[in-house]
Amino acid sequence: MKRGFILFMIQLEKLATEHKNPASSSIDQVSTLSMLQIINNEDKKIAPAIEAILPQIAVAVDTITAHLTKGGRLFYIGAGTSGRLGILDASECPPTYGTDPELVQGIIAGGYAAILTAQEGAEDSVSLAVDDLKAKTLTASDVVVGIAASGRTPYVIGGLTYACEIGAATISIACTPDAPIASLADIALTPDIGPEVITGSTRMKAGTAQKLILNMLSTGTMIHLGKVYGNLMVDVKTSNKKLEERARRIVMEATGCDRPTSIQKLKEAHGQAKLAIFMLLSGTSVGKAENLLDEAHGFVAIALKNLTE
């Protein structure tokens, strides 16, 4: 037996994600519209299932925020669809919130080649996840989120086990009750979404549920890190023409200024929307605005409040 590979009988009948869904048992015999209605009706069950675990998600967001505030990093680990969703969420943080690419990272079984092409067998390795996390020099300051629809993926089990051993915070996301990875995590996020429309096709309801939870984890954390003012992404990275225009609109929305003023202040602020906004709202220079924002740990609202006290 190869080191790190788990050989056992996979009892699919015990996994909620593998159960047959009676609501879609005749989906191959109905009209296209009826087919889509069946899928849509099943999708409607996802949001309430996530609503039921909002308290646990809130704890997870606060845990991630606390670790990142103290210099830690956030890692998503998974295989197949779950791994790709983690990479998707992580890769969106730098352009959306201006974060360092090292702050939030996605790790997938089989490496980056697995993003586009399935790497058969990679998800069955426990030690591969350990190697991948060691390569990232995982520490007790970091957070590891293990994502597995079935909740029993060996790669994710290996990663969470290693993270626990070194004292990192651990969170699990699974879509089946009594998921093995739940018992390995400090915080278990397990929405009860029911069986898939197409039996075992966890890229559907389970994938959607995982994406919604990941949206909450990263967005909630970024809000707590001062990356949002009101509901505006004020740390947006102006790395292309669309994002440059978005930054202009954000400055205009936040301050009520006109377009020429927005363009001018962004130029003075070296393209940083948050800095331009604070300069306009506070009437301060670039240097003074930077210092005040630093003192407020990047929170525009707090920096403005400090000016009046």
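Biologist: Hi! Before we start, when do two strands pair?
Modeller: Two strands pair if DSSP finds at least two bridges between them. Helices (H or I, at least four residues) and strands (E, at least two) are DSSP runs, numbered from the N terminus. Strand 1 (residues 74–78) and strand 3 (residues 143–147) pair in the parallel sense over 5 bridges.

Biologist: And what is the bridge partner of I77 in strand 3?
Modeller: That is G146. By the way, this is a predicted model, where local features need pLDDT of at least 70, side-chain atom pairs count only at pLDDT 80 or more, and totals for chains, interfaces and linings use all residues. Residues are numbered from 1 along each chain as its sequence is written, and side-chain values use heavy atoms, with hydrogens and water left out.

Biologist: Thanks! What is the strand order in the sheet?
Modeller: The order is 2-1-3-4-5, in an open sheet of 5 strands with parallel pairing. Strand 2 (104–108) and strand 5 (187–189) are at the edges with a single partner strand each, so one side of each has no neighbour in the sheet.

Biologist: Which strands does helix 3 lie across?
Modeller: Helix 3 (residues 54–69) lies across strand 1, strand 3, strand 4 (169–173) and strand 5, and runs at about 130 degrees to strand 5. Axes here are lines fitted to C-alpha atoms, for helices over the stretch in contact (heavy atoms within 4.5 Å), and angles run from 0 to 180 degrees between N-to-C directions.

Biologist: New topic: what volume does the second largest pocket have?
Modeller: About 390 Å³. Of the 23 residues lining that pocket, the closest to its centre are K227, D235, Q272, K274 and G298. On a 1 Å grid over the protein atoms alone, a pocket is an open set of points where a 1.4 Å probe fits, with protein on both sides within 12 Å along at least five of seven lines; lining residues have an atom within 4 Å of a point. Points are joined across faces, edges and corners, and the volume is the space filled by probe spheres set on them.

Biologist: Which helices each supply at least two lining residues?
Modeller: Helix 11 (273–282) and helix 12 (286–295) do.
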